[in-house]
Amino acid sequence: RGTVTAFSPFDARADAEALRKAMKGMGTDEETVLKILTSRNNAQRQEIAAAFKTLFGRDLVDDLKSELTGKFETLMVSLMRPTYIFDAHALKHAIKGAGTNEKVLTEILASRTPAEVRNIKQVYLQEYEANLEDKITGETSGYFQRLLVVLLQANRDPDGRVDEGLVEQDAQVLFRAGELKWGTDEEKFITILGTRSVSHLRRVFDKYMTISGFQIEETIDRETSGDLEKLLLAVVKCIRSVPAYFAEILYYSMKGAGTDDDTLIRVMVSRSEIDLLDIRQEFRKNFAKSLHQTIQKDTSGDYRKALLLLCGGDDE
């Protein structure tokens with residue numbers, strides 16, 4: 001359900017030559033660069049980079065960095081990162097230096113599948129010779145840290161037959177841990193939301209509504225705060241619908257004054273081969289305008305052109 005698929009007929013050498021020509025000499029032909037890189041999938045972009053090195057003895061990413069500038073450069077370089085390296089890189093930057101970017105940790109770890117999380121951890125170790133979990137625990141604390149660690153274990157129950165008895169039990173436990181308790185038993189929320197299967201949790205949320213008269217989101221909102229609250233809500237939203245979660249993230253990255261370009265680029269790049277078509281649908285449904293129109297209005301120049309090509313069409 002991605003907007004970017006394998007390009008055919010594909011010729012890595014021809015693309016490499018076209019890119020070299022676009023960046024050689026005075027001035028850069030940005031149009032050629034963005035057209036090629038947004039219409040090839042990630043695997044093909046890696047082949048182009050290999051061909052580029054073979055033919056010219058130059059590193060394509062280094063050339064992009066020296067020829068392009070600003071948000072357009074960030075977007076093109078992001079497109080060149082292999083998928084798991086892209087996530088690992090985003091996480092590394094979220095925990096690097098002064099201050100931690102909890103938003104990035106939340107967005108990536110709440111939305112990726114257990115298999116994806118395992119791959120990210122492996123790539124992180126290879127690329128940065130460091131253990132991702134150690135790095136994250138070093139920079140976070142409290143219940144927020146504990147839920148991140150649970151998600152990093154990537155041991156969520158696989159989807160299978162849902163046991164209605166356990167659904168009832170989990171819903172009751174959450175009700176008692178939140179609404180019925182003076183104070184909150186955060187641990188119960190962390191364990192249940194961090195380890196149960198997606199189909200099981202969807203039933204738990206329905207049952208919870210029946211028992212308590214509240215949506216689980218309302219309870220989390222009332223009973224928790226700060227980074228933990230944001231992470232619990234992100235997990236719940238992703239259990240309900242990952243595309244709807246990302247539609248909301250994209251909407252808020254462009255809402256109001258100024259644009260959160262880092263988030264816009266991260267989501268557009270990371271979801272372009274997975275579910276951007278579904279995200280577009282949810283965006284249209286939930287915000288009464290299309291993602292295409294929103295990007296059009298909120299960005300400019302080659303950066304806008306490239307984002308619109310990744311978006312892949314307008315949902316009128």
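This is a predicted model: local features need pLDDT of at least 70, side-chain atom pairs count only at pLDDT 80 or more; totals for chains, interfaces and linings use all residues.
**Exercise 1. The start of the chain**

Solution. 

**Exercise 2. Charges over rings**

Task: Find which ring lies under arginine 40 and which lies under the charged end of arginine 222.

Solution. 
Step 1. Start from arginine 40. It lies over the face of phenylalanine 7, 3.7 Å from the ring centre.
Step 2. Go on to arginine 222. Its charged end sits over the ring of phenylalanine 214, at 4.3 Å from the centre.

**Exercise 3. Aromatic pairs**

Task: Say how many aromatic pairs the whole structure holds, then classify the pairs that tyrosine 251 makes with tyrosine 252 and with phenylalanine 283.

Solution. 
Step 1. The search of the whole structure gives eight aromatic pairs.
Step 2. Take tyrosine 251 and tyrosine 252. Their ring centres are 5.1 Å apart and their planes stand at 80°, so this pair is edge-to-face. The cut-off for that class is over 60 degrees.
Step 3. Now take tyrosine 251 and phenylalanine 283. Here the centres are 6.1 Å apart and the planes are at 65°, so this pair is edge-to-face.
Step 4. Tyrosine 251 belongs to helix α16 (residues 242-254) and phenylalanine 283 to helix α18 (residues 276-287). They are 32 residues apart, and the pair links distant parts of the chain.
Step 5. Check burial. Tyrosine 251 has a relative accessible area of 15%, so it is buried. Phenylalanine 283 is buried too, at 0%. The cut-off is under 20%.
Step 6. Join the pairs up. Tyr251, Tyr252, Phe283 and Phe287 form a cluster linked by ring pairs.

**Exercise 4. Helix α15 and its cover**

Task: Compare the reach of α15 with the expected value, list its buried residues and name helices that cover them.

Solution. 
Step 1. Helix α15 (residues 226-240) has 15 residues. From its first C-alpha to its last it reaches 22 Å, close to the 21 Å expected at 1.5 Å a residue.
Step 2. List the buried residues of α15: Leu228, Glu229, Leu231, Leu232, Leu233, Ala234, Val235, Val236, Cys238 and Ile239.
Step 3. Look at what covers them. The cover includes α7, α10, α12, α13, α14 and α16.
Step 4. Turn to α12. Its buried residues are Glu186, Phe189, Ile190, Ile192, Leu193 and Gly194. They pack against α10, α11, α13, α14 and α15.

**Exercise 5. The nonpolar core**

Task: Identify which residues touch the most other members of the largest nonpolar core, and which helix gives the most to this core.

Solution. 
Step 1. The largest nonpolar core has 97 residues, and Met76 and Met268 touch the most other members.
Step 2. Helix α15 gives the most to this core, with nine residues.
Step 3. Follow methionine 268. Setting aside neighbours within four places in sequence, it contacts Leu250, Leu276, Leu291, Ile295, Leu307, Leu310 and Cys311.
Step 4. In soluble globular proteins, nonpolar side chains tend to be buried together.

**Exercise 6. The end of the chain**

Task: Locate aspartate 314 and find which residues it touches.

Solution. 
Step 1. Aspartate 314 lies in the segment after α20.
Step 2. At 31% relative accessibility, it counts as partly exposed.
Step 3. Leave out residues up to four places away in sequence. Aspartate 314 then touches Ser290, His292 and Gln293.
Step 4. Compare sequence and space. Aspartate 314 and asparagine 119 are 195 residues apart in sequence, and their C-alpha atoms are 33 Å apart.

Methods:
Residues are numbered from 1 along each chain as its sequence is written. Side-chain values use heavy atoms; hydrogens and water are left out. Rings of Phe, Tyr and Trp (its six-membered ring) pair if their centres lie within 6.5 Å; planes under 30 degrees apart count as stacked, over 60 as edge-to-face and the rest as tilted. Buried means under 20% relative accessible area, exposed over 50%, partly exposed in between (1.4 Å probe, protein chains only). Helices (H or I, at least four residues) and strands (E, at least two) are DSSP runs, numbered from the N terminus. A charge sits over a ring if NZ of Lys or CZ of Arg is within 6 Å of the ring centre and within 35 degrees of the ring normal. The expected span of a helix is 1.5 Å times one less than its number of residues. Contact means heavy atoms within 4.5 Å. A nonpolar core is a set of buried Ala, Val, Leu, Ile, Met, Phe, Trp, Tyr and Cys residues joined through side-chain atoms within 4.5 Å.
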